Each structure stands twice: as C-alpha cells, then as structure tokens.
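Here is a briefing on one helix packing and a set of salt bridges. Start with the structure itself.

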Amino acid sequence: MYLCRVICRDIHIEPLQTWLPTNDFPLVIAGPCSAESFEQVLVTAKSLATIPQVKVFRAGLWKPRTRPNSFEGSGAEGLVWLNEVKLQTGLKTCVEVATPKHVELALKQGVDIIWVGARTTVNPFLVQEIAESVKGLDIPVLVKNPVNPDPELWLGALERFQKAGLHKLAAIHRGFSFFKRSPYRNAPMWEIPIEIKRICPSIPVITDPSHMAGNRHLLFPLAQKAMDLEMDGLMIEVHNQPDKALTDRDQQISPLQLEDLLKHLVLRRSSYSSGKEDTLERLRSEIDKLDNELIEILSHRMNIVDEIGHFKKENNITILQLRRWREIIEDRLAHGISSGLDKTFLLNVLQQMHDEGIRRQNAIMNNNQE
C-alpha cells in the first residue's frame, strides 16, 4: 500500500466537465503515439472525429526515446498538422511538452491541452520550469505519473502547476516500471491512483491503458478496469495503420478497433438504486465489524511477536528463523487456499506481517543493547 502524506486541502481544481464536457461518457483522448506525417495525422483524426465519445486528439511531437537513433518525433512541424486537425474536425488537440520551449511553440499554434510525460514528471526542476512557463495562463495541463511508483512525486508535479495559477488540471495514470514480472509493459498498480483520488478527490484521473498494456490485446480489460474503478477517462493510442507505426506499434489500435472497444465498455453506476440501501448498508456493517476484529487480532499477534523478541534477546537467538518462516508459509497458504483465498493475496499479507514482526523484534534487540 502506498499511503501519500501530501495534504490536498488547498488545491483548487476546476471540475473536468467545466472545461472538457463529455456528456454521459467518460472523457476519451485518442490519437497516434507519434505524429509521423500530415496525411497520417489528418486521416486518423478524421476517423476519430466520427466516434462521438472522442473529444480530444492527442499526438506525440517530441518523443523522449531511450535510444538516440529511434524516431524522436516530427517536432514543431507537427504543430501545423494539429492546427489543421482542429480546423477540419473540431477536435481539441493535446501534445506532450518536456521543456518551456515546447510550451511556447505549442501555445503559438493554438494547442488546446498540454501534458507532461512520465519521464519529465520525475524531475521536479524541469516540472517547475514548465509550470513557470504557463504561469497564469488558462491552459489545461495533464500530468502523467512518474515512471517509478511515487504518488507524492506525482502529486507534487500537479501542485507546482496549481501554485502557478492553473486550475484545469488532471492526472494521467499510465502504469509504473516495476521489477516484478508482469504481462504489462508498465504495472497498473491501481492502488496508487485510487489513493490519489481518495486524498485529492478534486483531481480527475485519466487512465492510459496503452502504455500499461504495451500490447493491444490487453487494452480492453485495462480500460474496463479503469471504468469499474471510477476513473474519469481514457487516453488511448490510435493510428490509421498501427502495424506500420514508427513508435510503439504493438500497443496502438485503429479507429475502428477503438470504436469497438468503447462500444463494449460497461459503464456502471457510482451509486445504487433506491430501495436497495438496506442490503448494501447491512453488508458494509458486517465488513466494518470484521475489520475491527482483524485489527484486534493483528494487535494481539504483534504483542506475542514482541514477547518472542524479548525471549530471543534473552537467550541469544537470531531474529530470523528461516525454517519457521517456511513452515508458516506452507501451512497458512494451504489453509488459506482451501478456504478460497487467492495465493498471491495471502503471500502479500503474510509477507507484510513477517516484515513487521522482523522490524519490531529488531527494535527490541537494539533498545536492549542501548
């Protein structure tokens, strides 16, 4: 669990619907990973403009590629293409900026929305420079999460723009680089955007399933999960010929595929219908009671862990007992799985309890030594 210590009481952000009205459907931002040519941009945009849910056309112009010999975008030339997109389709335009110069060029060409990419969000100095370049302007800014799972760094970037006088802000959840093996290009780590929404409910969170998936076949379940978790919109990479794209071709889809994806999304209500309140409240009351019992049990367990720690110290026994830890894992997993619990969930719970036990016993050892 990633608990963020940033307090957001003073952050004032205009509701998303006041500056990007979307009717009854969550916001959809779509367009190619990279603007490659005038024809590619315009053909893709015209197709997207026929999809009612799409309100904003996105395209990368300055691409922060890992290797210098990769296609790094069309640069300022692409801004002219985006201006033509606005004229011919009526879609708002959105580009990534990484320097104050990018901002200056984008605003001169009438770009409607700018976003700060994941590789820029990790650098507070650069974010501050960009924030100062738009100080006092009425331009919407979207901030992607940093590459690493750091919610405070993410919120800190948003705060810098808020302190620069901007109030049309949103966060983009595009997943995180993580050392564990995963089917995704970037692990979703849904607990982080959920925590952002919990402590700063005024911040809209838009999900970017394209960068999470890294594979077009994983897009739909990620988009559906975002809707089930009440995220405020989707940013999806769409190319008129995705298999020929110069960047990230595997995660891009065609306009027709996007239309099909949006058609099959299930949008659920955030509240229950009248007459069913008693059932939901009864179930929630049971959860509350069980949570309190769990807390009492955990507290009692840790008290016993402390007693074991004192015993180990008095008898010169090491804190970590690997054989005992292996026995606990095997026994608890077998019992939990037979009770219908998920193995990964159980392992995480057991690991958290074990880590806390080690921490407490280590504190006992150090305090006694002092």
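Axes are lines fitted to C-alpha atoms, for helices over the stretch in contact, and angles run from 0 to 180 degrees between N-to-C directions. This is a predicted model, where local features need pLDDT of at least 70, side-chain atom pairs count only at pLDDT 80 or more, and totals for chains, interfaces and linings use all residues. Residues are numbered from 1 along each chain as its sequence is written, and side-chain values use heavy atoms, with hydrogens and water left out.

**Helix packing**
- Helix α7 (residues 151–163) packs on helix α8 (residues 191–199) at about 50°, with the axes 10 Å apart.
- Pro 151, Trp 154 and Leu 155 of α7 make the contact with Ile 192, Pro 193, Ile 196 and Ile 199 of α8 (contact: heavy atoms within 4.5 Å).

**Salt bridges**
- The whole structure holds 17 salt bridges (a side-chain nitrogen of Lys or Arg within 4 Å of a carboxyl oxygen of Asp or Glu).
- Asp 112 and Lys 86 form a salt bridge, 3.2 Å from N to O.
- Asp 112 sits in the loop between α4 (100–108) and β4 (113–116) and Lys 86 in helix α3 (residues 77–89), so the pair ties together parts 26 residues apart in sequence.
- Arg 268 bridges to Asp 228, with the closest N and O atoms 2.8 Å apart.
- Arg 268 lies in the loop between α11 (255–264) and α12 (277–314), and Asp 228 in helix α10 (residues 219–228), 40 residues apart.
- Asp 306, Glu 356, Arg 359 and Arg 360 are linked in a salt-bridge network.

Technical notes
Helices (H or I, at least four residues) and strands (E, at least two) are DSSP runs, numbered from the N terminus.
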